[in-house]
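Try each task by yourself, then follow the worked solution.

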Amino acid sequence: MQDILIVSGTRPEIIKLAPLYHCLLASSWARPHWLHTGQHGEMAQQMLACFDIVPDMALERGGDGLCEFSTYCRQLLDSMLADRTWSLVLVQGDTESTFLGALCAFYRHIPVAHVEAGLRTYDLARPFPEEGLRQMVSRIASFHFAPTERAALALRREAIPEERISVTGNTVIDAQHWVVRRHRLQRRLDGRGHLLVTAHRRENWGSDLRDICYAIADVASHHPELQVLFPVHLNPVVSKPVHAILGGLPNVQLSPPLDYLQMQQALLDAWLVLTDSGGLQEEAPTFGIPLLVLRTETERPEAIDAGCARLAGTRRASIVQEIEALWADSDAYRAMAHAGNPFGNGTASARVVDVLRGALAAGNERRREAS
């Protein structure tokens, strides 16, 4: 049996690693161990419960700031890695927990597998710090599981050896399929559905966020029959301007953040998604919901190329224009709704497990021959 350590700390990591954990758990050759770094607290606990996961190891978060968290987490992670012989450390994405898990494994000569590898904007400030973290993980990983061919191409251009790259699709689609089956989710609204909005990214704080809110106010006022659902991030930098600008509009519902099941239901019931989230760019096409990206660039351009999403930017006028265009043009809307999901079909976890099984078995055979 191969002992595999899965390191996660944030809500998105849990979503994208959960189906892979269950796939490894069902295998005959792997013994997965889930380690939660504590980077996200209550949100992470809700997500773990949603996917029926009880961490084997849970670290206590040290300090509120990213620097304090990083310093303390790295010490605890290293002690966990020293505790037994690990065949592999599995990380996902571009968070501080991802980077720390990969770095600690690298220092102890443990192979690192990076799920959702190859996403790039090549602008270290957008998104920050994620762009820098994922590029650094790519330098030390042994296995690169790219969600799309475009992501794999980015890795090849950075001189990652071809034999270390596998195009698998994105495990977030696997997660959606898992919860829809497990919790029997289906659309509950008749007719057009609501406009679902999320906006929280650090690079949009300030004037960009206010412009986004004013654009939503313009559309909500012009179309009083359209219901707007806006789950608002708890950070006051986000919640204060959102409530100040949108709080008095009768057809705008400002809610606390949704848990994963609630968000999947909100997607199923949506007419259109307006977001700066990376994850929703991947998830909305699964249900055929067109999406407008509240950013000037995206590390997931496959959604734009496939036609299921458009870049709306962060300026008030451009956002309103994009929403109104889809409201008025039913053919353009249907084309986006039927574009399909370029990020996968729900089989990514099985592909990752197949690659790891073959590679780790081959590594064991080489070690036996050498001894």
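**Exercise 1.** Where is Pro129 found?

*Solution.* Note at the outset that this is a predicted model. Step one: Pro129 sits in the loop between strand 5 and helix 5. Step two: look at the bond that leads into this proline. Phe128 and Pro129 are joined by a cis peptide bond, with omega about 0°. The peptide bond from Arg126 to Pro127 is cis, and its omega is near -5°. For background, most peptide bonds are trans.

**Exercise 2.** Find the order of the strands in the open sheet, and then say which strands stand at the edges.

*Solution.* Step one: the open sheet has 7 strands in the order 3-2-1-4-5-6-7, and the pairing is parallel. Step two: strand 3 and strand 7 (165-167) stand at the edges; each has a single partner strand, so one side of each lacks a neighbour in the sheet. In general, strands of a sheet pair through backbone hydrogen bonds.

**Exercise 3.** Describe the surroundings of strand 2, starting with its pairing to strand 1.

*Solution.* Step one: strand 1 and strand 2 pair in the parallel sense, over 7 bridges. Strand 1, helix 1 and strand 2 form a β-α-β unit that is right-handed. Step three: turn to strand 3 (residues 57-58), which runs parallel to strand 2 and is joined to it by 2 bridges. Here His36 has Ala58 in strand 3 as its bridge partner. Step four: check how covered strand 2 (residues 30-36) is. Of its 7 residues, 6 are buried, so strand 2 is largely enclosed by the rest of the structure.

**Exercise 4.** Is helix 4 mostly covered or uncovered, and what do its buried residues pack against?

*Solution.* Step one: helix 4 (residues 96-107) has 12 residues and reaches 16 Å from its first C-alpha to its last, close to the 16 Å expected. Step two: the helix is mostly covered, with 10 of its 12 residues buried. The buried ones include Phe99, Leu100, Leu103 and Cys104. Step three: the partners of these buried residues are strand 1 (2-8), helix 1 (11-25), helix 3 (66-81), strand 4 (88-92), strand 5 (112-115) and helix 5 (130-140). Step four: inspect the start of helix 4, where a side-chain oxygen of Thr95 comes to within 3.3 Å of the backbone nitrogen of Ser97.

**Exercise 5.** Two residues, His109 and Glu116, have a positive phi. Is each one buried or exposed?

*Solution.* Step one: recall that most residues other than glycine have a negative phi. Step two: take His109, which is not a glycine and has a positive phi of about 60°. His109 follows helix 4, in the loop between helix 4 and strand 5. With a relative accessible area of 75%, His109 is exposed, since exposed means over 50%. Step three: take Glu116, which has a positive phi of about 65° and is not a glycine. Glu116 lies in the loop between strand 5 and helix 5. Its relative accessible area is 8%, so Glu116 is buried, the cut-off being under 20%.

Key. Residues numbered from 1 in each chain as written. Predicted model: local features only at pLDDT ≥ 70, side-chain atom pairs only at ≥ 80, totals over all residues. Heavy atoms only, no water. Helix = DSSP H or I, 4+ residues; strand = E, 2+ residues; numbered from the N terminus. Expected span 1.5 Å × (residues − 1). Buried < 20%, exposed > 50% of the residue type's maximum accessible area, 1.4 Å probe, protein only. Contact = heavy atoms within 4.5 Å. Polar contact = N/O pair within 3.5 Å; in protein donor to acceptor, adjacent residues only side chain to side chain. Pairing = 2+ DSSP bridges. Right-handed = clockwise from strand over helix to strand, strands pointing away.
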